[in-house]
Amino acid sequence: MTEKTPTPPNRQDPHLDPADDTDEPAFDWMKPAGAGAGTAAAAKGSTPAEKTSVAGKDQPAASAGISAPQAGSRADRKAAEAAVEPSPEPQGRGTHFREPLPTSALQVRPPQDEVERRNAERELANNTKPVLPRVMQVLLAVFYPLILLVLAVRAVTSPLFLWVEYNRPGFPGDGYGFSTDDRMTYGSYAVDYLSNWSGPRYLGELVNRSGDALFQDGEVSHMADVKLVILSAFAGGALLILLSIVAIVYLRRRSTGGVRRGLFAGSIVTLVIILGLGTLAVLGWQQFFTEFHRIFFANGTWTFALDDTLIRLFPGQFWVDAGIVIGALVLIASVVTLILTWPTRKRRGIAKEAAAKAGDAKDADGTDAPSKDEAAAV
């Protein structure tokens, strides 16, 4: 409705009685202190007749258009209602709502027996080491000597070792006409056959200078058996190396000093094994060599005449030297590993410091249990 809109007809004007306006505040909280209380007291002490007479001083009880219940000020009516039935004091009128202080678990100290129980459980958890890191250390210690042995065998089954053997002073010559060059050529074929994927024809079709077959059928069959053992050993060594790498990576992340302890134990095991086998070989080489062949080959498949090509290329001295080189390589590697992983005070201190740093990092992340002092304060 705008200012130009005409006034609708028959509209009743609001009733505005100036007698009801007592110039008093509309709310109790706007009154001066003590006003409400005094009015209430006055209301309590007066009778209904007195209230009527008081109201009649200013105006008649029955005036035109004004009913009797509207007599008196608004404050008087509120006081009368309060005298009949006192209303509860609303919150926020003169008083402030106060929330009780929150109770935190850190402010409540548990019983002493509960604190001792928590400390005992924490000590047990700290002293109990995980099982998987120990298993990884044991596996690393067991795999290490086998890996060294396979690597040493691989070093011997190479043309380089053949060249060193055939050209070293004191190596026995061939009494049936093979020169050093012939031995190097024919021996290289035999060594290469052990590490490649060729079939028996690789050696079976070789001929000597006179055109005869270089290797007999028995010799070719034995070399095929040797090849199966060598390739199986190489495959097993490769698998052990892979598993050892996995164990080393895991121990470096989960166990401080676990790699050092595993290699240290492995080097000790290697020394014990190589010294034991070396002692047996020194005490009886022929018996040791025979028992070794009986483990991997059937009887009668690995014995040949002195004029056979395998004996002429690989005489007894060759196998003695090969055993010495294998034992020396494994012994040197194990001793070096033992020295590098020896648990000196400095290495133990570094391990403890790294463990302490790891514990501090866990505490900072909130993933570790609290210390003893923190547990006592909880």
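pLDDT is the predictor's confidence in each residue, on a scale from 0 to 100. The structure described here is a predicted model. Its mean pLDDT is 77, and 64% of the residues reach 70 or more. Over residues 35-70 the pLDDT is below 50. This stretch has 18 contacts in the model beyond near neighbours in sequence. Residues 366-378 also stay under 50 in pLDDT. For residues 366-378 the model has 22 contacts beyond four places in sequence. Where pLDDT is low, the predicted coordinates should not be read in detail.

Two packed helices are described by the angle between their axes and the distance between the axes. Helix H7 spans residues 180-195, and helix H9 spans residues 217-254. Their axes come within 8 Å and cross at roughly 50 degrees. The crossing of H7 past H9 is right-handed. On the H7 side, Ala190, Tyr193, Leu194 and Ser195 make the contact. H9 contributes Met223, Ala224, Val226, Lys227, Ile230 and Leu231. Sorted by class, the contact of H7 with H9 has eight nonpolar residues, one polar and one charged.

Ala265 lies in helix H10, which covers residues 258-283. The relative accessibility of Ala265 is 31%, so this residue counts as partly exposed. Val142 is 123 residues away from Ala265 in sequence. In space, the C-alpha atoms of Ala265 and Val142 are 8.5 Å apart.

Note on methods:
Residues are numbered from 1 along each chain as its sequence is written. This is a predicted model: local features need pLDDT of at least 70, side-chain atom pairs count only at pLDDT 80 or more; totals for chains, interfaces and linings use all residues. Side-chain values use heavy atoms; hydrogens and water are left out. Axes are lines fitted to C-alpha atoms, for helices over the stretch in contact, and angles run from 0 to 180 degrees between N-to-C directions. Helices (H or I, at least four residues) and strands (E, at least two) are DSSP runs, numbered from the N terminus. A crossing is left-handed if the near helix is turned anticlockwise from the far one by less than a right angle, and right-handed if clockwise. Contact means heavy atoms within 4.5 Å. Ala, Val, Leu, Ile, Met, Phe, Trp, Tyr, Cys and Pro count as nonpolar, Asp, Glu, Lys and Arg as charged, and the others, Gly among them, as polar. Buried means under 20% relative accessible area, exposed over 50%, partly exposed in between (1.4 Å probe, protein chains only).
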